[in-house]
Amino acid sequence: TKIMQNNLAPIPELYVSYDSAQKLKVEAADLTSHDLTPRQICDLELLMNGGFNPLKGFLSEEDYNGVVENMRLADGTLWPMPITLDVSEEFAGSIEIGQDIALRDQEGVILATMTVTDRWEPNKSVEAEKVFGADDDAHPAVNYLHNTAGKIYLGGPITGIQQPVHYDFRARRDTPNELRAYFRKLGWRKVVAFQTRNPLHRAHQELTFRAAKEAQANLLIHPIVGMTKPGDVDHFTRVRCYEAVLDKYPASTTTMSLLNLAMRMAGPREAVWHGLIRANHGCTHFIVGRDHAGPGKNSQGEDFYGPYDAQDLYRAHQDEIGAEMVDFKHMVYVQERAQYEPADEIADKDDVTILNISGTELRRRLAEGLEIPEWFSFPEVVKELRRTKPPRSQQGFTVFFTGFSGSGKSTIANALMVKLMEMGGRPVTLLDGDIVRKNLSSELGFSKEHRDLNIRRIGYVASEITKNGGIAICAPIAPYATTRRAVREDIEQFGAFVEVHVATSIEECERRDRKGLYKLAREGKIKEFTGISDPYDVPQNPELSVETENVEVDNCAHQVILKLESMGLIAAQ
Ligand code: PPS
């Protein structure tokens, strides 16, 4: 390998001086303003602090076309990722070319101004194909492109006023120039950067330290805390884990800094982008592994990229990137020698016991509260992970009953609540249709719009309860399948959603007519009555469907309990 040393001179930032910023901030208050999305805030921060050097703003149309087509800006400079300011058609229509606009964070603070030099409607399918490799919504960035990003792109140079505000881990966040100054101060002339969006375990610690030794360099753990792949461990938990791992490296060999990057999961192009960003942060080497920044499976169930595509593309451009690639060795634990070794360097493979725990197996063990051996991870890391994601039997969840008026939802829900309270361990809240309509939704009627609002409110409260480790029992009619699905999505971010169809037939409900409402509905005295003069979408795939005719309430509630047990939500006694 060739010896590379870093040039630690400061790189250009897009910020104006403190005095100018104060002045500009006042002037910018009169400009048309754009409220940045969370992803745009991440992009803007790295534009302004030089992380995306040599970009001077959001891409112009010409630069965008070059980047999409052949990974190059119009002047030929290597740049693999479109950094674009996507806006609505309506907003774009209100802007004139040459106009300055103010870019505000989500609380309205002006972070920068931009002179709009370009406005165009991108061909998003082409962008998806070229940049992400396929126009397939299963790719998180393609899904974002089509379903979240605005239709029009604006481009132009940025004048930076202030950094986005962060309230968490401030001491661990560094701009490229702050890291450069740190390396300069410590005399770190060669630095290997390790990119990660996952918690680190022993194998990672071994491979990163080995990579640094091989390059005779120091090590920078450079985790992403901006936006990662949906479903990843949240960054608060991860940073606490990283801090624990940092203590395991020999003193003054390794440091950690947090990078507020919004990842795109673009595999090969992403690897090149990551390398450029690390070079800007003063690093000379960058670890690229198998399937770097991989987005998972496409809609056909296949990988989007080949396992070594990222390494190949990176290697082909590494001189231009300015940070040399270090191969990510697949480390495995050799039981007889009680140490980690690169899988491809074990000569006596057939005579030793090789241990490995996959990511899927780790998640299963965490979910079920099973043992995670010390050879695999550090006790401090496992403790943090368990604290954030306790086993399912200690997580919050929602039981969502749906069915006709008078089907028995409330009675079964009440019985279930009492049984769960008898077991103890988690707080239980009953959101019964009638109670909710008295407290949360007293102004609502029974039109589709009002019913949807009512159900979304119930879903919101249930999702908060679930998030905070409680049990929410909901018992509305909830006649619309799409609305029930939306509530399911809200809740499943935080815990299990158990849909229970109380499948009493409309005839039986009308025969019982406990509240005399069916009679009134038949007489036309109550309008839009579910099952009589208003629709009910029968649940197609509920977790459970209970019959109530000739079955005791106690037994119905018991069926729900059994279901919860089988889903691991309550521990078997
Ligand atoms: S919904 O559709 O989910 O918003 O309904 P929900 O909040 O569960 O409220 C249903 C209860 O309101 C009474 N009620 C009606 N139900 C259906 N349709 C009409 N038009 C209607 N008007 C009043 C009825 O008592 C329902 O109570 P339950 O507990 O389901 O019998």
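**A charged pair and its surroundings**

Author: Let's begin with Glu374, which counts as exposed because its relative accessibility is 54%. Here exposed means over 50% relative accessible area, buried means under 20%, and partly exposed lies in between, with a 1.4 Å probe and protein chains only. Before we go further, a word on the model: it is predicted, so local features need pLDDT of at least 70 and side-chain atom pairs count only at pLDDT 80 or more, while totals for chains, interfaces and linings use all residues. Residues are numbered from 1 along each chain as its sequence is written, and side-chain values use heavy atoms, with hydrogens and water left out.

The partner of Glu374 is Arg202, and their side chains form a salt bridge of 3.9 Å, N to O. A salt bridge needs a side-chain nitrogen of Lys or Arg within 4 Å of a carboxyl oxygen of Asp or Glu. The two residues are 172 apart and join distant parts of the chain: Glu374 sits in the loop between helix 12 (359–368) and helix 13 (379–388), whereas Arg202 belongs to helix 8 (residues 202–214). Helices (H or I, at least four residues) and strands (E, at least two) are DSSP runs, numbered from the N terminus. Arg202 has a relative accessible area of 24%, so it is partly exposed.

What other salt bridges can you look for? The structure holds 35 of them. One is between Glu368 and Arg364, where the closest N and O atoms are 3.4 Å apart. Both residues are in helix 12, and because they are four residues apart, about one helical turn separates them. Arg364 is partly exposed, at 37% relative accessibility. Another salt bridge joins the side chains of Asp303 and Lys297 at 3.0 Å, N to O; Asp303 is partly exposed too, with a relative accessible area of 46%. Salt bridges can also link up into a network, as they do for Arg484, Arg488, Glu492, Glu499 and Glu543.

Now for a charged residue without such a partner. Asp118, in strand 6 (residues 118–120), is buried yet has no salt bridge. The nearest side chain of opposite charge is that of Arg119, 9.8 Å away (Lys and Arg count as positive and Asp and Glu as negative, while His and the chain ends are not counted). What does the side chain of Asp118 make a polar contact with? It is the side chain of Thr117, at 2.6 Å. A polar contact is a pair of N or O atoms within 3.5 Å; within protein, one must be able to donate a hydrogen and the other to accept it, and residues adjacent in sequence count only if both atoms are side-chain atoms. If we set aside neighbours within four places in sequence, Asp118 is in contact (heavy atoms within 4.5 Å) with Ser60, Glu61, Ile97, Tyr153, Leu154 and Gly155.

Beyond four places in sequence, the residues in contact with His274 include Gln195, Leu261, Met263 and Ala293.

Ala293 deserves a glance of its own. Although it is not a glycine, Ala293 has a positive phi of about 50°. You will find Ala293 in the loop between strand 11 (285–288) and helix 11 (309–321), where it is buried at a relative accessible area of 12%. Glu528 also has a positive phi, about 45°, without being a glycine. This residue is in the loop between helix 19 and strand 20 (544–546), and its 35% relative accessibility makes it partly exposed. One more backbone detail is the cis peptide bond from Asn53 to Pro54, with omega near 15°; Pro54 is in the loop between helix 2 (38–49) and strand 2 (57–58).

Finally, step back to the whole chain. The protein chain has 20 helices and 20 strands, and its C-alpha trace spans about 85 × 70 × 45 Å along its principal axes. Of its 573 residues, 53% are buried. Among contacts with a separation of 6 or more, 73% are between residues 24 or more positions apart. Glu374 and Arg202, where we started, are themselves 172 residues apart.
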